[in-house]
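User: Hi! Could you walk me through the charged pairs and the greasy surface of this one?
Analyst: Happy to, here it comes.

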Amino acid sequence: MEQVTRQNQIYSELGYGSRNGWEITARVGMSDLKLLDAFNSSTASTTTSKGDFEEHGKFFSTLGAKGFYPFNMTFGMGAFIQGTYCFSDFTDTVSGTQNGAPFSVELGVKNLWDVNFGMGFQVTLPNDIKMYIGPYVQYSEFKVSSSAKAAGIAFASGETTMKNKTGFGGFTGIEIPLAKGFRLNLEGQYTESLSAGAAVIYVY
């Protein structure tokens, strides 16, 4: 079974590092979750009120560590590892008819977590602008369970464990100085699909 997922995250991150290139980070925030076509029926006898599973505002946390080795003032290489866990379960309900009889099923997503590791090459441009690019590997997993069974709805048939299909990807980004102490980070990642993010960093 294949399932396309989407997430948007808002978070705050605290990091502690040293001048010799290592740093540890802790991130807390809120996330939504969307499972595309999770409620669609594969049989004509079952109809549903909507196609997508969706819920918002669930708490998550990320822990990570990274290191950087400068070859000179312009070029360097780094590595990172980080893991994320959603402490709250995501739930959504779909209603419909099965052979003309009404039904309602609640799906729950729990134990959503992922871990990734990557290495990157960095170049420092004039005005302390930094650009980086590199590969990474990722593993993610969550469990889906239903409150009842409904013919034709794939997830309404007990508990299912979902894992990422592609574990290898790439990332690239740019970090730009703003006002004193602040930096803007823009980053894109690609595995099975493209994702992007932006963050304002304050260094003190």
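Analyst: Let's start with Lys 34 and Asp 52, whose side chains meet in a salt bridge at 3.9 Å, N to O. A salt bridge here is a side-chain nitrogen of Lys or Arg within 4 Å of a carboxyl oxygen of Asp or Glu. Lys 34 lies in strand β3 and Asp 52 in the loop between β4 (46-48) and β5 (53-70), so the pair ties together parts that are 18 residues apart in sequence. Strands are DSSP runs of E with at least two residues, numbered from the N terminus.

User: What should I know about the model itself?
Analyst: This is a predicted model, where local features need pLDDT of at least 70 and side-chain atom pairs count only at pLDDT 80 or more, while totals for chains, interfaces and linings use all residues. Residues are numbered from 1 along each chain as its sequence is written, and side-chain values use heavy atoms, with hydrogens and water left out.

User: Thanks. How many salt bridges does that rule give?
Analyst: The count comes to eight salt bridges. One of them joins Asp 92 and Lys 50, with the closest N and O atoms 2.8 Å apart. Asp 92 is in strand β7 (residues 90-98) and Lys 50 in the loop between β4 and β5, so to speak distant parts of the chain, 42 residues apart.

User: Is Asp 92 buried or exposed?
Analyst: Asp 92 counts as buried, at 11% relative accessibility, whereas Lys 50 is partly exposed at 32%. Buried means under 20% relative accessible area, exposed over 50%, and partly exposed in between (1.4 Å probe, protein chains only).

User: Which residue does Glu 13 pair with?
Analyst: Glu 13 forms a salt bridge with Arg 27, the closest N and O atoms being 2.7 Å apart. Glu 13 sits in strand β2 (residues 9-17) and Arg 27 in strand β3 (residues 22-35). Glu 13 is partly exposed at 41%, and Arg 27 is buried at 14%.

User: Which residues are linked in a network?
Analyst: Asp 128, Glu 175 and Arg 183 are linked in a network of salt bridges.

User: Switching topic: which residues make the nonpolar patch?
Analyst: The patch covers about 1100 Å², and among its residues are Tyr 69, Phe 75, Met 119 and Phe 168. Patch residues have over 30% relative accessible area and no salt bridge, with nonpolar side chains (Val, Leu, Ile, Met, Phe, Trp, Tyr) joined within 5 Å. Areas come from the Shrake-Rupley method with a 1.4 Å probe.

User: Which element gives the largest share?
Analyst: That is β8, with four residues. Met 119 is found in strand β8 and is partly exposed, at 40%.

Technical notes
Patch = residues over 30% accessible without salt bridge, like charges linked within 9 Å, V, L, I, M, F, W, Y side chains within 5 Å.
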